[in-house]
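Open the model in your viewer and keep the selection tool at hand. The stops below go from one selection to the next.

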Amino acid sequence: RAPKSRAAYESIGGGSPIVRITNQQADTLEKELHARGYEAKVFVGMRYWHPFTEEAVDEIKEYEPTRLVILPLYPQYSISTSGSSLRVLDKLFKKDKVAFNPLKIDHTVIPDWYHRPGYVQAQAKLIQNQLNTLDAEQKKSVKVMFSAHGVPESYIEAGDPYQKQIKECCQLIMDAVGKDVEWVLCYQSRVGPVQWLRPYTDEMLEQLGEQGLQNLVVVPISFVSEHIETLEEIDIEYRELAHECGIKNFLRVPALDCDPDFIKDLADMSIESLMKPSVRVGEAMNLSLLGEAETDMPEVPVSFGFNATAETLNGRIAMVVLGLLGATQYISGSGMVNFTNLFH
């Protein structure tokens, strides 16, 4: 592990909590589905650490479901996150065409879900909770700052819809907050020499400080669980920078983790996806791109295991690729039908 990565993990207690939280999300989602009458089984698969995607796929084959919902834990689609995970899954499915024949396991993908009312309301609620801690005087100088995971500009130029979806998502959330609060959007976690989406979070903090802002509510918008980018990069590095820039009150909205409203929406979208025509992995990758996009994106080097670069490129829930896969039964016109649910 590089010294910088090691120091970052040591600053948050020695390791990222992302595996623990993701497993908790899986367990909570499974319980929510059970409470609704679905005997769902949820599996977790990750891109750069155990349980790897390959391990999750092996468990799915052993379970032998008839329906499979692939639900990435990335609200917004990006070629570097959901797309990367789906490409790995697509290769695994093609490698074992017998096991993943649609006539045997009928799978469908939920490519993005940033616009869903349940998710939007859950985020708005957490922002409102922080705004409610401010008194009347403090509210005279306050802004909400959405800090999203960055991606290289070349991805957007190649048709990645991520930036467009992030902007739409922030607007939907602030509309739900419903108060006359100014907000800004910036991007964090850039790595390497290439140009990433701007404005960068550190530059935005300096700009807000120069404007004399006193109170700031920071929202890690593209992250659905706490990990190194929220606990170290935002809570430690950016908080320190904000204070150096003259921003006195730095409030950070927590990640969704196992927020009940969030989990309920994950269950809703999983069930709803079964009532719609199936979207295959290959279709999800192609349909999610804007214009005449290329699927081969510029590569940014990463290494396997727990390190800052791996978490950076896998953003919201760090190294998770597929996420949760669950099997269950539901009542249809033709009687009892088994299905499996995959969550990223």
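Over which ring does the charged end of arginine 190 sit? Select arginine 190 and tyrosine 200: the charged end lies over the tyrosine 200 ring, 3.7 Å from its centre (a charge sits over a ring if NZ of Lys or CZ of Arg is within 6 Å of the ring centre and within 35 degrees of the ring normal).

This is a predicted model, in which local features need pLDDT of at least 70 and side-chain atom pairs count only at pLDDT 80 or more, while totals for chains, interfaces and linings use all residues. Residues are numbered from 1 along each chain as its sequence is written, and side-chain values use heavy atoms, with hydrogens and water left out.

Next, the aromatic pairs, of which the structure holds five (rings of Phe, Tyr and Trp, its six-membered ring, pair if their centres lie within 6.5 Å; planes under 30 degrees apart are stacked, over 60 edge-to-face, the rest tilted). Select phenylalanine 93 and phenylalanine 100, a stacked pair at 4.3 Å centre to centre with 20° between the planes. Phenylalanine 93 is buried at a relative accessible area of 7%, and phenylalanine 100 is buried at 6% (buried means under 20% relative accessible area, with a 1.4 Å probe and protein chains only).

Move to tryptophan 113 and tyrosine 119, an edge-to-face pair: 5.3 Å between centres, 85° between planes. Both residues are buried.

Last, select helix α3, residues 53-63 (helices are DSSP runs of H or I, at least four residues, numbered from the N terminus). Its buried residues are Thr53, Ala56, Val57 and Ile60. Viewed down the axis of α3, these buried residues fall within an arc of 100°, so they line one face of the helix (the arc is that of the directions from the helix axis to the C-beta atoms). Glutamate 64 follows α3 and has a positive phi, near 55°.

Conventions. Buried means under 20% relative accessible area, exposed over 50%, partly exposed in between (1.4 Å probe, protein chains only). Helices (H or I, at least four residues) and strands (E, at least two) are DSSP runs, numbered from the N terminus.
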